[in-house]
Structures are given as C-alpha cells and as structure tokens.
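Work through the exercises below with the structure in view. Each task is followed by a solution in steps.

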Amino acid sequence: MPGFYDAIIIGSGPNGLAAAITLRRAGLSVLVLEAEQTAGGGIRSAELTLPGFIHDVCSAVHPLAIASPFFRTLPLAEYGLEWIHSPAPLAHPLDDGTAVLMQRDVHGTAFQLEQDSNAYRKLMYPLVRDWHRLESDLLGPLRVPHHPIEMARFGRRAWRSGYGLAKKFFSSMRARALFAGLAAHSMLPLEQVPSAAFGLVLGITGHAVGWPMPRGGAQNIARALVAYLRSLGGEILLGVRVRSLDELPASRAVLCDLTPRQLLSLAGNRLPSSYQRHLQKYRYGFGVFKMDWATDGPIPWRAAECFRAATVHLGGSLEEIATSERECGRGQLALSPFVLLAQPSLFDCTRAPPGQHCVWAYCHVPNGSAFDMTDRIEAQIERFAPGFRERIVARSILSPQDLERHNANLVGGDINGGAANLRQLFLRPTVRLYTTPSRGLYLCSSSTPPGGGVHGMCGYFAARAALAREWKLARSD
Ligand SMILES: Cc1cc2nc3c(=O)[nH]c(=O)nc-3n(C[C@H](O)[C@H](O)[C@H](O)COP(=O)(O)OP(=O)(O)OC[C@H]3O[C@@H](n4cnc5c(N)ncnc54)[C@H](O)[C@@H]3O)c2cc1C
C-alpha cells in the first residue's frame with residue numbers, strides 16, 4: 001500500500017464499491033479495504049449446500065439495482081453482468097390452490113384481482129407511469145423534489161401503513177394479500193407508517209423495471225463492480241479487517257461502508273460525545289433467519305402460476321402476514337412466519353446441476369434471535385407446495401448470528417443497516433446523513449439514505465458529499 005490515497009473506503013458492499021467508483025471517476029486515488037476474502041458484502045454467492053449449487057448468501061432479487069440511477073451509468077454488462085427476468089416478478093399463492101401473479105403489466109395483474117381490478121389500476125398505474133421521474137427523488141436523501149407533482153401523488157398514497165393502504169384501497173382477499181407481501185419488505189409491523197411506501201415502491205418497480213436476478217448469482221454484480229473499479233485504476237484489498245481508523249494509510253477522506261455501531265468502535269475517539277450519543281441511539285431493525293436448499297427437482301407448487309415467478313411470497317392473507325410482522329415487532333417469533341422465497345435456478349440453469357435446483361428463503365425474526373425457524377419456514381413452504389420436504393437434498397441454515405459473522409454489517413441479522421422507521425427513513429443515521437463531525441470521515445452504507453437494498457445510491461451520495469466538502473467539486477444532484 002502506498003502511504004497516501006485521496007480516499008479510503010472501508011467495506012466493499014454495493015455502497016462501498018459505488019462510493020469508490022464515484023470518487024475514482026472524479027480522478028481521485030482510491031483504496032477499498034474489505035474484511036472478508038470475497039468482495040461484495042451483501043451481494044455474494046457461494047456453494048452453501050453442495051458443489052454445483054450457487055446460492056445467494058444475502059441478496060437474490062434486484063429491483064433496486066436495475067432501477068438505480070447510479071448503476072445505470074456504469075458499463076456493468078461489459079464486465080459480465082447479465083440480468084435475467086422471470087416471466088412475472090412475483091407470485092403470491094393462496095390456500096385455495098391459486099396464486100396472484102404480479103406481472104410486468106399493471107392491467108394483467110389487475111385482471112386477477114376480481115372486484116379490485118379498477119382499484120389496483122387506479123393505485124398503481126399513475127405511479128408506474130411516473131416511475132422514471134420518481135426514482136431520483138425516492139432513491140436519495142430527503143431534499144426539494146425534482147418532480148414535486150409526481151412526488152406529491154406518490155406521497156398521498158404512500159404516507160400510511162401497509163395495513164391501512166390495503167384496507168382503504170382494496171376489498172378482496174387477493175389484492176390485500178398481494179399488497180401485504182409487498183409492504184412486509186419494509187421490515188416494519190404493517191400497522192406502522194411508512195410500510196405502505198415500501199410496498200408501493202416494490203410494486204411500482206415490479207411493473208416498471210422488473211425484479212431481475214444476475215445470471216450466475218448476486219456475486220456477479222460484485223464481480224462487475226470490482227472489475228470496473230479496477231479498470232479505472234481503483235485498488236481493492238481483501239481480507240483486511242479495519243479495527244481502528246488509526247491503522248489506515250494517510251488519506252484526505254475515509255468513507256465507511258459500515259453501520260453506526262462499527263463506526264463507533266473504529267472511530268469513537270475521533271467523534272464528539274454528542275454525535276456518539278446520537279449514533280448509540282440508532283435503532284437496528286428485525287433480523288432475518290435465512291435458509292437455502294439444494295433440491296432434486298423444482299418446488300412442487302400447487303398453483304401453476306408460481307412456476308412463472310422467481311420470487312414467491314408465502315404467508316397467505318393480509319391478516320396473517322400482518323400478524324407475523326406484528327409479532328416480530330413485539331419481539332416474538334411468528335408461528336406462521338411470512339416467508340420470502342426465490343427460485344433462481346428455474347430461470348438460470350447455471351445455478352444448479354441439470355434437473356436440480358437451489359432455493360433461497362428467509363423470514364423476519366426479532367433482532368438477534370437465536371431461535372431455529374427451520375421447521376416453521378419449511379412448514380410454510382409445504383402449505384403451498386406439499387411434498388417440498390421430500391425434494392430436499394441438502395439445506396443451509398443461517399441464523400442472525402451466522403449472518404453477522406458472514407458480514408459484520410448485519411447487526412443482529414438486520415439486513416437493511418438499521419430500522420426504516422419514520423425517523424430513520426430521513427435522518428439516517430443522524431441529521432448529518434453521510435457526513436460526520438470528524439473532518440474527512442463519512443458514512444456510505446445502507447445506514448444512510450436511501451437505506452437498504454442493492455442500489456449503490458448511499459455510496460454514490462456519500463461520495464458526492466465528500467467531493468463537495470473535501471475537494472469543493474460542485475454537486476449536481
Ligand atoms: C439474507 C439477506 C437477503 C437480502 N435480500 C436482498 C434482496 O433480495 N435484494 C436487495 O436489494 N437487497 C437484499 N438484501 C440487502 C442488501 O444485501 C443490503 O442492503 C446491501 O448489501 C447493503 O449494502 P452496503 O454496501 O451498505 O453494505 P454491505 O453489503 O453489508 O457491505 C458491507 C461490507 O463491509 C465489510 N466490512 C464490515 N466491517 C468491516 C471492517 N471493519 N473492515 C473492513 N470491511 C468491513 C463487510 O464485510 C461487507 O463486505 C439482503 C440482505 C440479506 C442479509
């Protein structure tokens with residue numbers, strides 16, 4: 001390592017890599033230091049069960065990556081990234097043996113929602129039409145909107161709880177269930193504002209851009225980002241766990257792809273006590289209990305629609321899903337948890353040996369929970385796909401603790417770098433957002449706006465803040 005870099009980035013998750021690329025594109029020398037032996041943080045894949053089965057350890061389905069205004073500026077296809085879209089983004093099976101299929105087409109989706117066809121169209125269509133104007137305002141920090149009319153239209157619908165929206169707009173069980181599954185991605189109790197906003201963003205992206213997966217697994221997003229960074233002359237060192245900022249080579253800026261707890265441990269001595277107190281008050285969200293399976297055939301879904309979607313939401317009705325998330329919010333374990341499942345090998349033959357499949361799923365649990373949810377998750381799959389257990393050849397189980405060992409940012413199994421409650425949606429992790437009171441020190445992880453998910457926008461905005469502050473390079477956003 002040379003003795004000086006313009007900027008050092010700690011952590012090579014999508015946000016760390018996005019920050020490094022933004023700074024390098026501005027002509028600065030950058031070094032990324034990654035604790036683990038593989039780059040990518042939440043976008044890594046591994047043979048978790050058996051050789052030949054490529055499982056995504058963390059993220060699997062990527063609406064926000066394909067919607068990301070920053071990723072769109074990168075030539076990632078030239079570095080091997082290829083998106084695969086299943087025929088429909090999402091299936092939501094029900095106990096009557098049918099499933100609601102969220103299709104790319106709003107009308108095709110609405111058609112399945114009985115008396116709620118018009119309500120679904122009226123809710124979603126204007127937002128889907130406006131998505132390309134909404135994306136820059138929604139995937140960034142709170143500021144004067146670029147498109148105030150479209151944002152006001154979104155806000156009127158979104159500024160409520162997922163439960164409230166489902167009840168107000170829909171009367172059928174099918175439409176309510178579909179929206180409950182979308183809103184549950186907020187990792188908030190569905191009675192809490194702004195869980196509806198998460199449901200809407202996921203629904204809109206499903207229609208507007210799709211919910212794709214990278215051919216070969218999420219690791220290929222990281223590979224492409226790293227290869228592009230290196231092509232620009234950026235450096236990355238793997239297997240270097242930073243324990244204190246004092247260990248780093250000299251630099252003008254340090255950007256941490258870390259959550260507040262780690263920032264406190266690495267940089268506590270440099271931070272004024274008032275800022276430390278704010279970071280200590282930062283709230284982590286639900287944890288997740290993650291499972292992967294190698295199977296000797298496709299999942300035996302009762303509803304044929306489920307074979308057309310890479311993502312399947314398992315939890316039944318609005319009431320059931322709301323109960324599962326409410327219990328989690330109270331620190332309890334759901335008996336019948338809402339399960340998010342992906343079946344990538346149905347659409348990507350590179351993921352498993354011929355005729356065999358890899359399956360990815362998780363459910364929400366209280367932060368740090370040590371309870372084994374294996375039986376409850378598998379029972380939820382069996383409910384909609386009787387015979388699933390007989391197809392299992394091998395399984396991998398990752399508790400919240402295992403996930404945190406895999407990636408120190410997953411505090412207590414929280415996959416979003418902190419709860420997305422009202423306060424932390426905007427003031428994330430504090431009112432200073434990407435900057436800290438320590439000159440040259442920045443946060444660039446999903447603990448900053450716009451929060452969790454693979455989109456790189458936190459890293460991009462943190463790098464823009466550093467460029468403006470340290471190098472006086474004007475911000476255009
Ligand atoms: C089980 C699971 C499922 C998910 N599913 C999806 C999904 O389907 N779609 C989606 O969009 N998102 C999903 N996510 C969320 C997504 O992975 C994260 O929001 C995203 O990776 C956050 O990116 P980041 O760059 O902020 O941090 P991370 O990706 O967490 O990267 C942080 C990096 O910093 C490194 N690091 C930590 N401490 C140190 C240190 N002291 N020194 C050096 N390096 C350090 C870590 O090793 C890691 O590589 C999922 C996450 C999990 C865990």
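**Exercise 1.** Determine how helix H4 (residues 117-138) and helix H5 (residues 148-158) are oriented to each other in this predicted model.

Solution. Two packed helices are described by the angle between their axes and the distance between the axes. For H4 and H5 the angle is about 120°, and the axes are 9 Å apart. Angles of 65 to 115 degrees count as roughly perpendicular and those over 145 as roughly antiparallel, with the rest between these ranges called oblique. H4 and H5 are therefore oblique to each other. The crossing in which H4 passes H5 is left-handed.

Next, list the residues that meet. H4 contributes Lys122, Leu123, Pro126, Leu127, Arg129, Asp130, Arg133, Leu134, Asp137 and Leu138. H5 contributes Glu150, Met151, Arg153, Phe154 and Arg157. Sorted by class, this contact of H4 with H5 holds seven nonpolar and eight charged residues, and no polar ones.

**Exercise 2.** Describe the packing of helix H1 (residues 14-25) against H17 in the same terms.

Solution. The axes of H1 and H17 come within 7 Å and cross at roughly 40°. Angles under 35 degrees would count as roughly parallel. H1 passes H17 in a right-handed crossing. On the H1 side the contact is made by Asn15, Ala18, Ala19, Thr22 and Leu23. On the H17 side it is made by Met457, Cys458, Gly459, Tyr460, Ala463, Arg464 and Leu467. The residues of this contact of H1 with H17 comprise eight nonpolar, three polar and one charged.

**Exercise 3.** In what order do the strands of the five-stranded open sheet run, and which are its edges?

Solution. Strands of a sheet pair through backbone hydrogen bonds, either parallel or antiparallel. In this open sheet the order is E9-E2-E1-E10-E16, and the pairing is parallel. Strand E9 (235-238) and strand E16 (441-443) each pair on one side only, as the edge strands. On average, neighbouring strands of the sheet are turned by 20° against each other, direction ignored. Glu34 has Leu238 in E9 as its bridge partner.

**Exercise 4.** Are Leu433, Lys472 and His55 buried or exposed?

Solution. Buried means under 20% relative accessible area, and exposed means over 50%. Leu433 has 16%, so it counts as buried. Lys472 has 64%, so it counts as exposed. His55, in strand E4 (residues 55-56), has 1% and therefore counts as buried. Not counting residues up to four places away in sequence, the residues touched by His55 include Arg44, Asp292, Trp293, Arg351 and Cys358.

Key:
Residues numbered from 1 in each chain as written. Predicted model: local features only at pLDDT ≥ 70, side-chain atom pairs only at ≥ 80, totals over all residues. Heavy atoms only, no water. Pairing = 2+ DSSP bridges. Helix = DSSP H or I, 4+ residues; strand = E, 2+ residues; numbered from the N terminus. Axes fitted to C-alpha atoms, helices over the stretch in contact; angles between N-to-C directions. Buried < 20%, exposed > 50% of the residue type's maximum accessible area, 1.4 Å probe, protein only. Left-handed = near helix turned anticlockwise from the far one by under 90°. Contact = heavy atoms within 4.5 Å. Nonpolar A, V, L, I, M, F, W, Y, C, P; charged D, E, K, R; others polar.
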